Amino acid sequence: QRRIRIPHLQAMKEKGEKWAMLTAYDMYAAEIFDEAGIPVLLVGDSAGNNVYGFETTVPVTVDHLVPLVRAVTSAAKHAMVVADLPFGSYQASPQQALATATRFMKEGMAHAVKLEGGAAMVPEVELLVRAGIPVMGHIGFTPQSEHVLGGYRVQGRGDKADRLVEDALALERAGCFAVVMEMVPAPLAARVTEVLSIPTIGIGAGPECDAQVLVWQDMAGLRGGKAPRFVKKYADLRGTLGDAAKAYAADVASGAFPAPEQSFAE
Ligand code: KIV
Ligand code: NA
């Protein structure tokens, strides 16, 4: 199978085939998800919360993400790899967005970038697409703006719905190849998916989106504590790894490890 590209995603929308996107921040996750057939991998600025130990995505910088993007693109043979543009690296001007996205394409060898925001981001999206950089949009709850939005809240309820549809349409017209919708009421996400001709990718946006995305550590149960409502846990990696560490430590303490088969003879 060849590299997944924009026309494949567009064809899946037209055929009504739903697909799954996952985040990835390192070589093994990229390799495993790529082999599992996940068509799009996102090196999210959620690396802030899932790799670097920050409470939000706000402190994440381009220098934090570029090496992770490079690791993922090097490991993924088939998946399209999308690099998130972090907070403060694109909002100042289309020129700033182009300079940042260019770093991700050259140094990270990304296949596309993602940025947060609706109609306000049209000039940035237009310049990137004109320069040859595919752009994924991200509307609804946008974590980089959580201090303005007042925390993790569902977006687009009530009379805010039309505005969200307008944002989605503006991104499509500007040239985005797909749009993420985060924490949007399911009926509104369904309406946007119907109105747009490009794929929609939901996270907390109901079942009618063309695709879904989850942070892999949430999906695989690596994260501790309470996960958001929109997460479904498909494994208990936290339990599995914790048990492995305890068993290893116990074997070392008892002298069971290393055994002769893990040791070298003279
Ligand atoms: O950074 C991220 O992981 C994201 C997805 C949740 C869409 O932006
Ligand atoms: Na993100």
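Two strands pair if DSSP finds at least two bridges between them. Strands (E, at least two residues) and helices (H or I, at least four) are DSSP runs, numbered from the N terminus.

The legends below describe a predicted model, in which local features need pLDDT of at least 70, side-chain atom pairs count only at pLDDT 80 or more, and totals for chains, interfaces and linings use all residues. Residues are numbered from 1 along each chain as its sequence is written, chains are lettered from A and ligands numbered from 1 in the order in which they are written, and side-chain values use heavy atoms, with hydrogens and water left out.

**View 1. Strand E1 and its partners E2 and E8.**
Strand E1 covers residues 19-23 and runs parallel to E2, joined by 3 bridges. In this pairing, leucine 22 stands opposite leucine 41 of E2. E1 also pairs with E8, again in the parallel sense, over 4 bridges. Here alanine 20 faces glutamine 212 of E8. E8 has a further parallel pairing, with E7, over 2 bridges. Glycine 202 stands opposite glutamine 212 in that pair.

**View 2. Strand E2, covered on both faces.**
Strand E2 spans residues 40-43. Val40 and Leu42 lie on one side, Leu41 and Val43 on the other, and all are buried. Buried means under 20% relative accessible area, exposed means over 50%, and partly exposed lies in between (1.4 Å probe, protein chains only).

**View 3. The surroundings of ligand 1.**
The residues around ligand 1 are Thr23, Leu42, Gly44, Asp45, Ser46, Asp84, Lys114, His138, Val180, Ile203, Val213 and Val215. A residue counts as near a molecule or strand if one of its heavy atoms lies within 4 Å of it. By class, this shell holds 5 nonpolar, 4 polar and 3 charged residues. Ala, Val, Leu, Ile, Met, Phe, Trp, Tyr, Cys and Pro count as nonpolar, Asp, Glu, Lys and Arg as charged, and the others, Gly among them, as polar.

**View 4. Polar side chains at the oxygens of ligand 1.**
The side chain of serine 46 places an N or O atom 2.5 Å from an oxygen atom of ligand 1. For lysine 114, the corresponding distance to a ligand oxygen is 2.9 Å. A polar side-chain atom of aspartate 45 lies 3.1 Å from an oxygen atom of ligand 1. The protein buries 95% of the 260 Å² that ligand 1 exposes when taken alone. These areas come from the Shrake-Rupley method with a 1.4 Å probe; for residues, only the protein chains shown count as cover.

**View 5. Aspartate 84 and its polar contacts.**
Aspartate 84 sits in strand E3 (residues 80-84). Aspartate 84 is buried, at 3% relative accessible area. Its side chain forms a polar contact of 2.8 Å with the side chain of lysine 114. The aspartate 84 side chain also reaches the backbone nitrogen of aspartate 45, at 2.8 Å. A polar contact is a pair of N or O atoms within 3.5 Å; within protein, one must be able to donate a hydrogen and the other to accept it, and residues adjacent in sequence count only if both atoms are side-chain atoms.

Glutamine 155 belongs to the loop between helix H7 (146-149) and helix H8 (161-174). Its relative accessible area is 16%, so glutamine 155 counts as buried. A polar atom of its side chain lies 3.0 Å from the backbone oxygen of arginine 153. Alanine 205 is in the loop between strand E7 (200-203) and strand E8 (211-214). Alanine 205 is buried, with 1% relative accessibility. Glycine 140 is 65 residues from alanine 205 in sequence, but their C-alpha atoms are 9.0 Å apart in space.

**View 6. Backbone exceptions.**
Most residues other than glycine have a negative phi, and most peptide bonds are trans. Methionine 109 has a positive phi of about 55 degrees. This methionine 109 lies in the loop between helix H5 (94-106) and strand E4 (112-114), and is partly exposed at 36% relative accessible area. Methionine 183 has a positive phi of about 50 degrees. Its loop runs between strand E6 (178-182) and helix H9 (186-195), and methionine 183 is buried at 13%. The peptide bond from phenylalanine 257 to proline 258 is cis, with omega near 0 degrees. Proline 258 lies in the segment after helix H11 (237-254).
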